[in-house]
Amino acid sequence: MAFLFSILYNNGGYLLLQISQRGDIAEYIALIFLPLIFMGYEKLFDYNSKKWLWLSIGMICVGYAHILSTIIFSFFLVCLLVLDHRQINLLIARRLVISAFLAFLVCLPMLLTMIRAKMKVPIIVPIVPDTLINEAIKPSDLIINSVNNMVPNDLLAVNLGFITFIAGIFGLLVYLTKDRLMSRIESVGLLFLLLSTKLFPWFLLQKTPIHIIQFPWRFLGISTFCFSLVIANLIGNKLRDSNSIIVLLYLVSCLVSISYMYQYTHTNGIGFANQKNYTEIATSAVYTDYMPAKTLIGMDKAKVFRSALDVHKHIAVVNGRKVHLKKNQIGSQYNVISYKLNNLQKGKVNKVILPVLNYGRNYSTKGVRVESSVKGETLVSFTPYKSTQTVTIYLKSRNVNLN
(Lines give C-alpha, C1' and ligand atoms only; values in the text may rest on other atoms or scores of the structure.)
Protein backbone atom coordinates (compact mmCIF):
# COMPACT_ATOMS: atom_id res chain seq x y z
CA MET A 1 0.00 0.00 0.00
CA ALA A 2 2.80 2.38 0.88
CA PHE A 3 4.52 1.60 -2.42
CA LEU A 4 1.34 2.25 -4.40
CA PHE A 5 0.63 5.43 -2.46
CA SER A 6 4.10 6.83 -3.07
CA ILE A 7 3.80 6.19 -6.81
CA LEU A 8 0.32 7.71 -7.05
CA TYR A 9 1.09 10.70 -4.83
CA ASN A 10 4.40 11.69 -6.40
CA ASN A 11 3.04 11.25 -9.95
CA GLY A 12 0.03 13.45 -9.27
CA GLY A 13 -0.36 16.40 -11.63
CA TYR A 14 -0.37 18.97 -8.81
CA LEU A 15 2.95 17.83 -7.34
CA LEU A 16 4.54 17.61 -10.76
CA LEU A 17 3.35 21.15 -11.47
CA GLN A 18 5.19 22.44 -8.39
CA ILE A 19 8.47 20.76 -9.33
CA SER A 20 8.28 21.66 -13.02
CA GLN A 21 6.46 24.67 -14.41
CA ARG A 22 6.00 26.65 -11.18
CA GLY A 23 9.45 25.75 -9.93
CA ASP A 24 8.10 26.03 -6.38
CA ILE A 25 10.62 23.73 -4.73
CA ALA A 26 9.63 24.86 -1.23
CA GLU A 27 5.95 23.96 -1.65
CA TYR A 28 6.92 20.66 -3.28
CA ILE A 29 9.11 19.76 -0.29
CA ALA A 30 6.29 20.69 2.09
CA LEU A 31 3.94 18.31 0.28
CA ILE A 32 6.51 15.54 0.69
CA PHE A 33 6.17 15.88 4.47
CA LEU A 34 2.35 15.74 4.46
CA PRO A 35 2.23 11.91 4.72
CA LEU A 36 4.55 12.10 7.72
CA ILE A 37 2.22 14.60 9.39
CA PHE A 38 -0.77 12.39 8.74
CA MET A 39 0.99 9.36 10.19
CA GLY A 40 1.84 11.35 13.32
CA TYR A 41 -1.77 12.48 13.60
CA GLU A 42 -3.11 8.93 13.39
CA LYS A 43 -0.65 7.77 16.06
CA LEU A 44 -2.15 10.32 18.46
CA PHE A 45 -4.93 7.79 18.97
CA ASP A 46 -2.57 4.84 19.52
CA TYR A 47 -2.07 4.82 23.27
CA ASN A 48 0.93 2.47 23.11
CA SER A 49 2.85 4.33 20.42
CA LYS A 50 5.34 7.19 20.61
CA LYS A 51 5.16 7.83 16.88
CA TRP A 52 2.66 10.65 17.42
CA LEU A 53 5.76 12.84 17.84
CA TRP A 54 6.16 12.65 14.06
CA LEU A 55 3.27 15.11 13.89
CA SER A 56 5.35 17.91 15.39
CA ILE A 57 8.50 16.80 13.51
CA GLY A 58 6.59 16.91 10.22
CA MET A 59 5.14 20.35 10.93
CA ILE A 60 8.61 21.64 11.85
CA CYS A 61 10.02 20.40 8.54
CA VAL A 62 7.13 22.03 6.67
CA GLY A 63 7.57 25.27 8.61
CA TYR A 64 11.19 25.60 7.57
CA ALA A 65 10.38 24.59 3.97
CA HIS A 66 7.23 26.59 3.19
CA ILE A 67 5.56 28.33 6.10
CA LEU A 68 2.32 28.99 4.18
CA SER A 69 1.83 25.23 3.87
CA THR A 70 1.69 24.97 7.67
CA ILE A 71 -1.53 27.01 7.52
CA ILE A 72 -3.02 24.84 4.76
CA PHE A 73 -1.99 21.61 6.50
CA SER A 74 -3.45 22.94 9.75
CA PHE A 75 -6.83 23.25 7.99
CA PHE A 76 -6.42 19.61 7.04
CA LEU A 77 -5.71 18.58 10.63
CA VAL A 78 -8.67 20.62 11.92
CA CYS A 79 -10.98 18.76 9.53
CA LEU A 80 -9.64 15.43 10.78
CA LEU A 81 -10.07 16.53 14.40
CA VAL A 82 -13.68 17.52 13.76
CA LEU A 83 -14.39 14.10 12.28
CA ASP A 84 -12.58 12.40 15.19
CA HIS A 85 -13.96 14.62 17.95
CA ARG A 86 -15.65 11.71 19.75
CA GLN A 87 -12.31 9.96 20.19
CA ILE A 88 -10.56 12.94 21.75
CA ASN A 89 -9.86 12.56 25.45
CA LEU A 90 -7.43 14.12 27.92
CA LEU A 91 -4.47 12.07 26.66
CA ILE A 92 -5.11 12.97 23.02
CA ALA A 93 -5.57 16.64 23.93
CA ARG A 94 -2.30 16.60 25.89
CA ARG A 95 -0.45 15.04 22.96
CA LEU A 96 -1.88 17.69 20.62
CA VAL A 97 -0.74 20.49 22.93
CA ILE A 98 2.75 18.99 23.24
CA SER A 99 3.00 18.58 19.44
CA ALA A 100 1.93 22.17 18.84
CA PHE A 101 4.31 23.48 21.52
CA LEU A 102 7.30 21.53 20.17
CA ALA A 103 6.62 22.71 16.62
CA PHE A 104 6.28 26.30 17.80
CA LEU A 105 9.41 26.11 19.96
CA VAL A 106 11.66 24.73 17.21
CA CYS A 107 10.25 27.16 14.61
CA LEU A 108 10.61 30.11 17.01
CA PRO A 109 14.05 31.23 15.73
CA MET A 110 12.64 31.49 12.21
CA LEU A 111 9.49 33.24 13.40
CA LEU A 112 11.44 35.74 15.51
CA THR A 113 13.70 36.49 12.54
CA MET A 114 10.65 37.17 10.38
CA ILE A 115 9.00 39.32 13.04
CA ARG A 116 12.17 41.31 13.67
CA ALA A 117 12.68 41.88 9.95
CA LYS A 118 9.08 43.00 9.50
CA MET A 119 9.32 45.40 12.44
CA LYS A 120 12.52 46.89 11.05
CA VAL A 121 11.38 47.13 7.43
CA PRO A 122 7.64 46.88 6.63
CA ILE A 123 7.09 44.41 3.79
CA ILE A 124 4.43 43.79 1.17
CA VAL A 125 2.17 40.89 2.08
CA PRO A 126 1.12 38.62 -0.81
CA ILE A 127 -1.14 40.61 -3.11
CA VAL A 128 -4.36 39.31 -4.59
CA PRO A 129 -5.81 42.18 -6.62
CA ASP A 130 -9.27 40.69 -6.88
CA THR A 131 -11.43 38.43 -4.75
CA LEU A 132 -10.25 34.95 -3.91
CA ILE A 133 -13.14 33.52 -5.88
CA ASN A 134 -11.59 34.89 -9.08
CA GLU A 135 -8.41 32.96 -8.29
CA ALA A 136 -10.37 29.75 -7.68
CA ILE A 137 -10.88 27.22 -10.49
CA LYS A 138 -14.03 26.73 -12.53
CA PRO A 139 -15.33 23.21 -11.78
CA SER A 140 -15.73 22.44 -15.50
CA ASP A 141 -12.16 23.56 -16.22
CA LEU A 142 -10.84 21.46 -13.34
CA ILE A 143 -12.51 18.34 -14.72
CA ILE A 144 -11.58 18.90 -18.36
CA ASN A 145 -7.98 19.88 -17.66
CA SER A 146 -7.51 16.95 -15.28
CA VAL A 147 -8.87 14.43 -17.80
CA ASN A 148 -6.63 15.95 -20.49
CA ASN A 149 -3.67 15.79 -18.10
CA MET A 150 -3.03 19.34 -19.24
CA VAL A 151 0.01 21.38 -18.36
CA PRO A 152 -1.41 24.72 -17.11
CA ASN A 153 -0.62 27.74 -19.25
CA ASP A 154 -1.82 29.98 -16.42
CA LEU A 155 -2.66 29.53 -12.77
CA LEU A 156 -6.40 29.23 -13.42
CA ALA A 157 -5.72 26.02 -15.37
CA VAL A 158 -4.12 24.19 -12.42
CA ASN A 159 -5.59 20.70 -12.13
CA LEU A 160 -5.25 17.33 -10.42
CA GLY A 161 -3.78 15.53 -13.40
CA PHE A 162 -5.34 12.45 -14.95
CA ILE A 163 -4.01 9.88 -12.51
CA THR A 164 -5.21 11.71 -9.37
CA PHE A 165 -8.57 12.54 -10.93
CA ILE A 166 -9.22 8.88 -11.73
CA ALA A 167 -8.05 7.92 -8.22
CA GLY A 168 -10.56 10.35 -6.74
CA ILE A 169 -13.43 8.86 -8.75
CA PHE A 170 -12.64 5.22 -8.00
CA GLY A 171 -11.94 6.18 -4.42
CA LEU A 172 -15.70 6.70 -3.99
CA LEU A 173 -15.93 2.91 -3.80
CA VAL A 174 -14.53 3.17 -0.28
CA TYR A 175 -18.00 4.20 0.92
CA LEU A 176 -19.16 0.68 0.05
CA THR A 177 -16.66 -0.78 2.52
CA LYS A 178 -16.56 -0.68 6.30
CA ASP A 179 -13.27 1.24 6.35
CA ARG A 180 -14.23 4.25 8.44
CA LEU A 181 -10.79 5.86 8.29
CA MET A 182 -10.49 5.76 4.50
CA SER A 183 -14.09 6.95 4.12
CA ARG A 184 -13.23 10.02 6.19
CA ILE A 185 -10.07 10.63 4.15
CA GLU A 186 -12.04 10.46 0.89
CA SER A 187 -14.55 12.93 2.32
CA VAL A 188 -11.80 15.35 3.34
CA GLY A 189 -10.27 15.05 -0.14
CA LEU A 190 -13.62 15.92 -1.71
CA LEU A 191 -14.03 18.86 0.68
CA PHE A 192 -10.66 20.34 -0.26
CA LEU A 193 -11.44 19.71 -3.92
CA LEU A 194 -14.57 21.82 -3.42
CA LEU A 195 -12.53 24.53 -1.65
CA SER A 196 -10.27 24.83 -4.69
CA THR A 197 -13.18 25.79 -6.95
CA LYS A 198 -15.55 28.69 -7.42
CA LEU A 199 -18.34 26.61 -5.89
CA PHE A 200 -17.11 27.78 -2.51
CA PRO A 201 -18.08 31.43 -1.71
CA TRP A 202 -14.52 32.72 -1.37
CA PHE A 203 -15.59 36.36 -1.73
CA LEU A 204 -16.92 36.16 1.84
CA LEU A 205 -13.37 35.61 3.12
CA GLN A 206 -11.54 38.18 0.99
CA LYS A 207 -11.24 40.67 3.86
CA THR A 208 -10.13 38.06 6.39
CA PRO A 209 -6.61 36.71 7.17
CA ILE A 210 -7.50 33.70 5.00
CA HIS A 211 -6.68 35.79 1.92
CA ILE A 212 -2.99 35.11 2.59
CA ILE A 213 -3.34 31.73 0.85
CA GLN A 214 -3.76 33.78 -2.39
CA PHE A 215 -4.84 30.86 -4.56
CA PRO A 216 -7.59 28.41 -3.47
CA TRP A 217 -6.17 25.81 -5.87
CA ARG A 218 -3.41 25.24 -3.30
CA PHE A 219 -5.91 22.91 -1.60
CA LEU A 220 -5.47 20.46 -4.48
CA GLY A 221 -2.34 19.27 -2.68
CA ILE A 222 -4.52 17.95 0.15
CA SER A 223 -6.94 16.34 -2.31
CA THR A 224 -4.04 14.66 -4.12
CA PHE A 225 -2.84 13.19 -0.82
CA CYS A 226 -6.30 11.95 0.20
CA PHE A 227 -7.25 10.41 -3.15
CA SER A 228 -3.85 8.70 -3.50
CA LEU A 229 -4.06 7.25 0.00
CA VAL A 230 -7.61 5.92 -0.43
CA ILE A 231 -7.09 4.28 -3.82
CA ALA A 232 -3.77 2.76 -2.70
CA ASN A 233 -5.58 1.27 0.27
CA LEU A 234 -8.39 -0.12 -1.87
CA ILE A 235 -6.07 -1.62 -4.47
CA GLY A 236 -3.58 -2.87 -1.89
CA ASN A 237 -6.27 -4.81 -0.04
CA LYS A 238 -7.31 -6.57 -3.24
CA LEU A 239 -3.88 -7.20 -4.75
CA ARG A 240 -1.63 -8.19 -1.85
CA ASP A 241 -0.18 -11.15 -3.75
CA SER A 242 -0.52 -9.82 -7.30
CA ASN A 243 2.99 -8.47 -7.77
CA SER A 244 2.66 -8.43 -11.55
CA ILE A 245 -0.39 -6.17 -11.37
CA ILE A 246 1.38 -3.81 -8.97
CA VAL A 247 4.29 -3.57 -11.39
CA LEU A 248 1.79 -2.84 -14.16
CA LEU A 249 0.24 -0.06 -12.09
CA TYR A 250 3.71 1.33 -11.48
CA LEU A 251 4.45 1.40 -15.21
CA VAL A 252 1.10 3.06 -15.96
CA SER A 253 1.79 5.69 -13.33
CA CYS A 254 5.19 6.39 -14.86
CA LEU A 255 3.67 6.66 -18.32
CA VAL A 256 1.23 9.28 -17.05
CA SER A 257 4.12 11.15 -15.48
CA ILE A 258 6.17 10.99 -18.68
CA SER A 259 3.16 12.19 -20.65
CA TYR A 260 2.78 15.19 -18.35
CA MET A 261 6.47 16.09 -18.52
CA TYR A 262 6.50 15.57 -22.30
CA GLN A 263 3.65 18.07 -22.68
CA TYR A 264 5.38 20.50 -20.35
CA THR A 265 8.69 20.49 -22.15
CA HIS A 266 7.17 20.87 -25.59
CA THR A 267 4.50 23.40 -24.58
CA ASN A 268 7.19 25.69 -23.23
CA GLY A 269 9.75 24.99 -25.95
CA ILE A 270 12.10 23.26 -23.54
CA GLY A 271 14.07 20.29 -24.74
CA PHE A 272 17.53 18.85 -24.68
CA ALA A 273 18.44 21.03 -27.65
CA ASN A 274 17.49 24.32 -25.99
CA GLN A 275 17.98 23.94 -22.26
CA LYS A 276 18.91 27.62 -21.94
CA ASN A 277 15.19 28.35 -21.88
CA TYR A 278 15.12 27.01 -18.33
CA THR A 279 17.12 30.04 -17.20
CA GLU A 280 14.73 32.41 -18.92
CA ILE A 281 11.70 30.81 -17.28
CA ALA A 282 13.38 30.69 -13.87
CA THR A 283 14.29 34.39 -13.98
CA SER A 284 11.04 35.72 -15.47
CA ALA A 285 9.10 35.94 -12.19
CA VAL A 286 7.83 39.45 -11.43
CA TYR A 287 6.10 39.00 -8.09
CA THR A 288 6.16 41.77 -5.50
CA ASP A 289 5.46 39.50 -2.52
CA TYR A 290 7.59 40.27 0.56
CA MET A 291 9.41 43.19 -1.04
CA PRO A 292 10.05 46.23 1.19
CA ALA A 293 6.76 48.13 1.40
CA LYS A 294 8.28 51.34 0.09
CA THR A 295 9.08 49.61 -3.21
CA LEU A 296 5.48 50.34 -4.26
CA ILE A 297 5.20 53.85 -2.84
CA GLY A 298 2.83 55.86 -5.00
CA MET A 299 1.73 52.80 -7.00
CA ASP A 300 -1.58 50.99 -7.15
CA LYS A 301 -0.76 47.57 -5.73
CA ALA A 302 -3.49 45.83 -7.71
CA LYS A 303 -2.39 47.37 -11.01
CA VAL A 304 1.28 46.46 -10.60
CA PHE A 305 0.42 42.90 -9.55
CA ARG A 306 2.75 40.68 -11.61
CA SER A 307 4.14 43.73 -13.40
CA ALA A 308 7.84 44.11 -14.09
CA LEU A 309 9.35 46.83 -11.90
CA ASP A 310 12.82 48.34 -12.32
CA VAL A 311 14.23 45.76 -9.93
CA HIS A 312 12.89 42.98 -12.17
CA LYS A 313 14.22 44.65 -15.30
CA HIS A 314 17.73 45.02 -13.80
CA ILE A 315 17.62 48.80 -14.08
CA ALA A 316 20.16 50.71 -12.00
CA VAL A 317 20.31 54.43 -11.33
CA VAL A 318 23.83 55.86 -11.73
CA ASN A 319 24.12 59.43 -10.47
CA GLY A 320 20.45 60.09 -11.23
CA ARG A 321 20.52 58.42 -14.66
CA LYS A 322 18.68 55.15 -15.32
CA VAL A 323 20.83 52.42 -16.82
CA HIS A 324 19.60 49.04 -18.07
CA LEU A 325 22.24 46.54 -17.00
CA LYS A 326 23.08 43.93 -19.59
CA LYS A 327 23.62 40.26 -18.81
CA ASN A 328 27.40 40.57 -19.12
CA GLN A 329 27.33 43.27 -16.44
CA ILE A 330 25.69 41.00 -13.86
CA GLY A 331 27.40 38.08 -12.17
CA SER A 332 25.70 35.96 -9.53
CA GLN A 333 26.65 33.07 -7.29
CA TYR A 334 25.25 31.70 -4.07
CA ASN A 335 24.69 34.68 -1.71
CA VAL A 336 26.81 36.91 -3.97
CA ILE A 337 25.91 39.22 -6.84
CA SER A 338 28.13 41.69 -8.66
CA TYR A 339 27.46 44.56 -11.04
CA LYS A 340 29.94 45.97 -13.52
CA LEU A 341 29.22 49.71 -13.79
CA ASN A 342 30.42 51.93 -16.62
CA ASN A 343 30.72 55.71 -17.11
CA LEU A 344 31.35 56.45 -13.44
CA GLN A 345 32.76 59.80 -12.37
CA LYS A 346 36.19 58.84 -11.03
CA GLY A 347 37.57 60.88 -8.17
CA LYS A 348 34.05 62.04 -7.16
CA VAL A 349 31.37 60.61 -4.92
CA ASN A 350 29.01 58.51 -7.05
CA LYS A 351 25.56 57.43 -5.93
CA VAL A 352 24.33 54.22 -7.52
CA ILE A 353 20.99 52.51 -6.87
CA LEU A 354 21.34 48.81 -7.68
CA PRO A 355 18.37 46.50 -8.47
CA VAL A 356 18.82 44.57 -5.22
CA LEU A 357 16.12 44.69 -2.55
CA ASN A 358 17.38 46.07 0.76
CA TYR A 359 15.98 45.05 4.14
CA GLY A 360 18.50 46.94 6.28
CA ARG A 361 21.51 45.65 8.25
CA ASN A 362 24.02 46.98 5.73
CA TYR A 363 27.79 46.64 6.04
CA SER A 364 30.53 47.78 3.68
CA THR A 365 34.25 48.24 3.25
CA LYS A 366 35.94 51.51 4.22
CA GLY A 367 35.00 54.43 1.98
CA VAL A 368 31.72 52.85 0.86
CA ARG A 369 28.31 53.74 2.27
CA VAL A 370 25.34 51.41 1.82
CA GLU A 371 21.72 52.11 2.68
CA SER A 372 18.18 51.47 1.54
CA SER A 373 16.95 53.74 -1.26
CA VAL A 374 13.62 55.54 -1.29
CA LYS A 375 12.20 52.64 -3.33
CA GLY A 376 13.62 49.92 -1.10
CA GLU A 377 16.57 49.05 -3.29
CA THR A 378 20.29 49.20 -2.42
CA LEU A 379 21.90 52.63 -2.58
CA VAL A 380 25.71 52.59 -2.72
CA SER A 381 27.79 55.78 -2.35
CA PHE A 382 31.50 55.55 -3.17
CA THR A 383 34.38 57.29 -4.90
CA PRO A 384 35.65 55.14 -7.81
CA TYR A 385 39.28 55.25 -8.87
CA LYS A 386 38.34 54.47 -12.48
CA SER A 387 35.31 54.98 -14.74
CA THR A 388 34.49 51.26 -14.86
CA GLN A 389 34.25 49.41 -11.58
CA THR A 390 32.55 46.33 -10.19
CA VAL A 391 30.38 46.48 -7.07
CA THR A 392 30.00 43.15 -5.26
CA ILE A 393 27.20 42.53 -2.79
CA TYR A 394 27.24 39.64 -0.36
CA LEU A 395 23.55 39.07 0.22
CA LYS A 396 23.78 37.30 3.56
CA SER A 397 24.93 40.39 5.43
CA ARG A 398 24.43 42.98 2.66
CA ASN A 399 28.16 43.59 2.74
CA VAL A 400 29.46 45.59 -0.23
CA ASN A 401 32.97 45.56 -1.71
CA LEU A 402 34.53 47.34 -4.69
CA ASN A 403 36.81 45.75 -7.26
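# Notes on salt bridges, loops and a cavity

1. Let's start with Arg 369, which counts as exposed at 55% relative accessibility (exposed is over 50% relative accessible area, buried is under 20%, and partly exposed is in between, with a 1.4 Å probe and protein chains only). Its side chain meets that of Glu 371 in a salt bridge, at 3.5 Å from N to O (that is, a side-chain nitrogen of Lys or Arg within 4 Å of a carboxyl oxygen of Asp or Glu). Glu 371 is partly exposed, with a relative accessible area of 25%.

2. Before going on: this is a predicted model, where local features need pLDDT of at least 70 and side-chain atom pairs pLDDT 80 or more, while totals for chains, interfaces and linings use all residues. Residues are numbered from 1 along each chain as written, and side-chain values use heavy atoms, without hydrogens or water.

3. How many salt bridges are there by this rule? The count is five. One of them joins Lys 43 to Asp 46, with 3.9 Å between the closest N and O atoms. Both partners are partly exposed: Lys 43 has 25% relative accessibility, and Asp 46 has a relative accessible area of 29%.

4. Now take a look at Arg 184, which forms a salt bridge with Asp 84; here the closest N and O atoms are 2.2 Å apart. Arg 184 sits in helix α10 and Asp 84 in the loop between α5 and α6, so this pair ties together parts that are 100 residues apart in sequence (helices are DSSP runs of H or I, at least four residues, numbered from the N terminus). Are these two residues buried or exposed? Arg 184 is buried, with a relative accessible area of 11%, and Asp 84 is buried too, at 2%.

5. Next, a check of the backbone in two loops. Asn 149 is a residue other than glycine with a positive phi, near 55 degrees. You'll find Asn 149 in the loop between α8 (139-147) and α9. Asn 149 is buried because its relative accessible area is 7%.

6. Gln 214 is the other one to click on. Its phi is positive as well, about 65 degrees, although Gln 214 is not a glycine. The loop between α10 (180-195) and α11 holds Gln 214. With a relative accessible area of 6%, Gln 214 is buried.

7. Back in a helix, Ile 169 belongs to α9, which covers residues 162-170. Ile 169 has a relative accessible area of 41%, so it counts as partly exposed.

8. Finally, the inside. A search of the whole structure turns up one cavity of 30 Å³ or more (on a 1 Å grid over the protein atoms alone, a set of points where a 1.4 Å probe fits but cannot get out; lining residues have an atom within 4 Å of a point). The largest cavity has a volume of about 40 Å³, meaning the space filled by probe spheres set on the points, which are joined across faces, edges and corners.

9. Which residues line the largest cavity? Among them are Tyr 14, Glu 27, Leu 31, Phe 73, Arg 218 and Ile 222.

Methods:
On a 1 Å grid over the protein atoms alone, a cavity is a set of points where a 1.4 Å probe fits but cannot get out, and a pocket is an open set with protein on both sides within 12 Å along at least five of seven lines; lining residues have an atom within 4 Å of a point.
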